[in-house]
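Subject: Handover of a structure and notes on its contents

Dear colleague,

Please find the structure below, followed by an account of what was found in it.

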Amino acid sequence: MKRKHIITAAAALLLMYAPALNAQAPASAYFTDGNVMTHTMNPALMPERNYVAIPGIGGISAATMGNFGYDDVVRRNPLYPNGSDKKMTSFMNPYINNALDGFSTGKNRLGAEASIALLSAGFKAFGGYNTIEINSRTQAHISVPYELLEMAVNTGNNDYDIGDIKAEAQSFVEIAAGHSRSIGSKWRIGAKVKLLFGIADATAEMSGVRARLNGDTWTVSGTSRAHMSMKGMTYKTKLKDYDGRPGSYEKVNGIDIDGGGIGGTGFAVDLGAAYNINEWWQVSAALLDLGFIRWNNDMYAENAEDEFSFSGFHDVSIKTDHGSTIDDQADEYGDQIADFINLRDRGDRGSRTTGIGARMNIGVSYKLPCYDKMKIGMLSATRFLGSHTWTEGRLSANWTPLKWLDGNINAAVSTYTASFGWMINIHPKNINFFVGMDHLLGKMSKEGIPLSSNAAVAAGLNITW
């Protein structure tokens, strides 16, 4: 058994759980007065005009985020062209120096969020401004500890407290109704109520993973489990024979969906307020997506064993001291690993409840007294997602050169990275078109994959009056 096979096994552990997309305008649009979708970031922020979104294209947003990227995982092969015909290889290639330089020594995280405004409208009535929306939303996140990556590239005599590996994904449709109104000349408040219809939710994790070296023997322990909720969903299983001992085991190797549809229902609210300190200064704050989804089923799977031991693959090309070949050793260890990481279907555990990831936005803006077409804005955003929680601070310079045109350039520092963004908002009579990016895409690989895992783009086309 060559070392590359051990590396491949480590890579399989990493990728086994690998998994997107938040119904709101981009953060770059928070301070653009002419944008009709600002109420999605704070229900107190009223658009200037009534509007109806063109179905499917009235508001589209997609974002990815992470603290490592494509070029940290995929590297130039140091053996090319003399020792290999492959130009690129993974960071786990033993001939790569400083293989872990691109990774965080804490949690290494990747995420994606996106939404489509299927239907959306806003109108002035009932003493304020009202909104009605139907949005499709999806999000996915994965978290991998540094210790797992370290173990994948190093074969030193170390003990590893790897911790937890977790991946989550969720998809749902929301129907929302909102209302905002002014209170006196200083305050404006707003709120939305949302009915949530769950399509699918999945959580897969390995928890408490440890690797201990005692003499020549490694002991790896931990618990693997998966929760999946989706109407008509069942696990697909396969009966597989053990390689090194008699008998067979059943493993989960996929999912089967019979029909699909609404897998759960829930409720959420958005709350927001804005306060005009004077004609130049405004502060605002919002709490979004305070709610839950109650799923009708919980298809549960877990590993059969929570520990296995092995003494490593030694340089024995023909036979070991006990007369077995190295292939026999590999079969024996492979059987133990199969019991450790392969999930077994445990059936439906009934209903379960999940959150949808609340968000807090706090904004401060200052309109320049010497040039009131320019406004400086500072936005603090926090997304509460358990182990995937992130925060961001964004400073923007917003310019309104014409009544029907505004936009900005901005810079942000977040849990994941520092970045630049921009927004253009065109809103002449009867139309509002916006396009922008919270994070520039940056360099791309030759396959068209962004080298950075941070990117965000949004656009929308709406009819106004």
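Arg210 is partly exposed, with a relative accessible area of 44%; the term covers values between the limit for buried, under 20%, and that for exposed, over 50%, computed with a 1.4 Å probe and with protein chains only. Asp161 is likewise partly exposed, at 44% relative accessibility. The side chains of Asp161 and Arg210 meet in a salt bridge, with N and O 3.5 Å apart. A salt bridge here is a side-chain nitrogen of Lys or Arg within 4 Å of a carboxyl oxygen of Asp or Glu. This pair links distant parts of the chain, since Asp161 belongs to strand E7 (residues 160-183) and Arg210 to strand E8 (residues 187-214), 49 residues apart. Helices (H or I, at least four residues) and strands (E, at least two) are DSSP runs, numbered from the N terminus.

The model is a predicted one, in which local features need pLDDT of at least 70 and side-chain atom pairs count only at pLDDT 80 or more, whereas totals for chains, interfaces and linings use all residues. Residues are numbered from 1 along each chain as its sequence is written, and side-chain values use heavy atoms, with hydrogens and water left out.

**Overall figures**

The protein has 4 helices and 24 strands. Of its 465 residues, 45% count as buried. Its accessible surface comes to about 22200 Å², and 58% of that belongs to carbon and sulfur atoms; such areas come from the Shrake-Rupley method with a 1.4 Å probe, and for residues only the protein chains shown count as cover.

**Other salt bridges**

The count of salt bridges comes to 16. Another of them joins Lys194 to Asp289, whose closest N and O atoms are 2.8 Å apart. Here too distant parts of the chain are linked: Lys194 is in strand E8 and Asp289 in strand E13 (residues 281-295), 95 residues apart. Lys194 is buried, at 5% relative accessible area, and Asp289 is buried at 4%.

**Strand pairing**

Two strands are said to pair if DSSP finds at least two bridges between them. Strand E2 (residues 60-66) pairs with strand E5 (residues 107-125) in the antiparallel sense over 7 bridges, and Ala63 stands opposite Glu113 in E5. E2 is also joined by 5 bridges to strand E24 (residues 455-464), again antiparallel; there Ser61 stands opposite Ala458.

Glu113, in strand E5, is buried at 5% relative accessibility. The side chain of Glu113 makes a polar contact with that of Arg383, at 2.4 Å. A polar contact is a pair of N or O atoms within 3.5 Å; within protein, one must be able to donate a hydrogen and the other to accept it, and residues adjacent in sequence count only if both atoms are side-chain atoms.

Strand E22 (residues 418-426) has a covered face made up of Ser419, Gly421, Met423 and Asn425, while Ala418, Phe420, Trp422, Ile424 and Ile426 form the uncovered one. With strand E21 (residues 405-414), E22 pairs in the antiparallel sense over 9 bridges, and Ala412 has Ser419 as its bridge partner. E21 and E22 form a hairpin with 3 residues between them. Strand E23 (residues 432-439) runs antiparallel to E22 and is joined to it by 5 bridges, with Phe434 as the bridge partner of Asn425. The hairpin of E22 and E23 has 5 residues between the strands, and Asn430 takes a positive phi near 75° in it.

**A helix and a surface patch**

In helix H3 (residues 146-153), the buried residues are Tyr146, Leu148, Leu149, Ala152 and Val153. They lie on the same side of H3 because they cover an arc of only 160° around the axis, the arc being that of the directions from the helix axis to the C-beta atoms. An α-helix has 3.6 residues a turn, so residues three or four places apart point the same way.

Finally, Ile277, Trp281, Val364, Ile376, Met378 and Leu395 form a nonpolar patch on the surface, with about 490 Å² of accessible area together. Patches are made of residues with over 30% relative accessible area and no salt bridge: like charges are joined within 9 Å, and nonpolar side chains (Val, Leu, Ile, Met, Phe, Trp, Tyr) within 5 Å. Leu395 lies in strand E20 (residues 390-402).

With kind regards
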